[in-house]
Amino acid sequence: NQLRRVLLRSNLLAKANVLQGFADATPEKNRLVGGAGHIATVDYLYDTLAALDYYDVQRQEFTVLISEGSANFTVGGKSQGAQLMTFSTSGAVSKELVPVSNLGCNATDYPAAVAGKIALISRGTCPFGQKSALAGGAGAAGAVIYNNVEGATLSGTLGAPPRPEGPYVPTVGISLANGTALLTAITANQTIIGDLSVRTTTENRTTHNVIAETKGGDHNNVYQLGGHTDSVAAGPGINDDGSGILALLEIAIQLTKFSVNNAIRFSFWAAEEIGLLGSNYYVSQLSAEEIAKIRIYLNFDMIASPNYIYAVYDGDGSAFNVSGPPGSAQGENLLVTYLNSVGLKTVPTKFDGRSDYQAFINAGMPSSGLFTGAEGIKTVEEQALFAGQAGVAYDVNYHGAGDTVKNLNMDAWIQNSKAIAHSVATYGVSFDSLPPKTSPRVRSLERALPKRIHRHSACGGEEVYAV
């Protein structure tokens with residue numbers, strides 16, 4: 001209770017403005033991994049935590065393949081507001097648009113007529129990269145993927161090649177409105193010529209996770225919690241996931257006023273937006289002995305969405321039949337019980353492989369966490385629980401230029417921050433609510449997830465590499 005009480009909206013907002021400043025100082029206005037805005041974010045976290053002298057702080061270095069570039073897509077000289085799909089191939093194409101069948105997830109969805117043309121594909125079900133590769137396998141000269149929900153233009157990543165379905169083609173994302181308009185015109189027997197131009201570069205860059213563990217407490221019994229430090233290319237990522245990492249940073253600062261019985265390990269993951277790379281690298285470097293010391297991992301990715309819900313990851317699997325390892329149910333219950341105790345309703349959210357909890361689950365460590373919604377649409381039932389607007393995305397600026405400080409819902413942010421503080425205070429004192437220690441069983445969620453797992457996230461949709 002004392003740790004929760006010292007959390008202030010003003011401190012959270014001040015830190016959000018710091019991240020906004022890092023993004024604004026770059027020509028691209030983002031904090032993309034490997035770029036200046038992200039480097040500044042990592043330095044800020046490390047320097048702030050190290051100065052407290054309460055934590056052992058480390059930068060964990062690893063290498064990532066980065067794709068950057070620009071894209072333009074016009075029809076009849078009118079811009080379609082396209083966003084680059086990173087890892088797209090470069091190219092300039094002026095060709096007829098050909099719609100594919102269904103969601104473009106199978107080779108049979110691509111008609112023979114798409115050869116040499118631009119494939120028009122709906123978002124949904126399978127990864128963006130699979131759609132682009134299938135288009136390439138069918139001989140298409142380019143691909144345009146339109147969103148399946150109202151709101152911002154679709155952006156994302158294809159993931160690093162190669163893919164077995166075929167070669168990537170120049171690929172961009174557009175909004176649902178623009179995609180629907182093009183599809184309607186084609187259905188009315190109009191021949192629509194699109195002008196598609198994509199320029200990309202790829203290179204290896206070094207980046208860092210930041211890990212801060214309390215000097216005090218039992219280091220054989222650790223509570224680990226985390227969020228991700230990078231944004232997508234399209235915007236500054238202040239909700240996704242500035243909201244999560246800044247809540248953790250503020251709690252870490254305030255925790256220095258208290259002592260702990262069990263060690264608390266704050267984790268700030270790099271390269272989540274391009275494939276959960278930071279958290280996967282971190283877990284890959286842990287020995288079985290070190291894994292056994294982590295009693296639970298909780299993930300906090302997007303906790304201040306403007307049209308928010310209070311969603312808790314379904315640790316017990318009661319809602320989606322995808323449970324976490326033993327202890328996950330108790331982690332979920334801790335967060336739900338706390339939020340209910342302060343008069344807030346909650347809904348479960350699925351372990352769908354879209355944020356950094358996945359590496360921990362795969363290594364047999366219990367997990368849960370909080371999430372306020374991404375591009376999904378708020379239902380009437382959720383409006384009754386949380387107010388806001390039904391029929392509108394939880395975050396209309398998800399993965400967009402509008403994910404700025406102004407995008408944050410401060411009510412949701414402070415309430416979720418207090419819930420995180422409650423978990424720190426609880427597990428910092430005792431793990432009695434968790435099952436006894438057992439040797440973790442490495443496992444896979446193959447029955448529910450694709451083998452090339454990715455996102456916030458919680459961070460975003462059915463797509464691999466899209467949170």
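Which residue lies over the face of Tyr 46? Arg 59 does, at 4.3 Å from the ring centre. A charge counts as over a ring if NZ of Lys or CZ of Arg is within 6 Å of the ring centre and within 35 degrees of the ring normal. Lys 378 lies over the face of Tyr 308, at 5.6 Å from the ring centre.

The model is predicted: local features need pLDDT of at least 70, side-chain atom pairs count only at pLDDT 80 or more, and totals for chains, interfaces and linings use all residues. Residues are numbered from 1 along each chain as its sequence is written, and side-chain values use heavy atoms, without hydrogens and water.

The search of the whole structure gave 17 aromatic pairs. Rings of Phe, Tyr and Trp (its six-membered ring) pair if their centres lie within 6.5 Å; planes under 30 degrees apart are stacked, over 60 edge-to-face, and the rest tilted. Phe 62 and Tyr 281 are stacked, because their ring centres are 5.3 Å apart and their planes at 20 degrees. This pair links distant parts of the chain, 219 residues apart. Phe 62 is buried, at 6% relative accessibility, whereas Tyr 281 is partly exposed at 29%. Buried means under 20% relative accessible area, exposed over 50%, and partly exposed in between (1.4 Å probe, protein chains only).

Tyr 282 and Phe 360 form a tilted pair, with ring centres 6.2 Å apart and planes at 35 degrees. The two residues are 78 apart in the chain. Tyr 282 and Phe 360 are buried. Together with Trp 269 and Tyr 297, they form one aromatic cluster.

Technical notes:
Helices (H or I, at least four residues) and strands (E, at least two) are DSSP runs, numbered from the N terminus.
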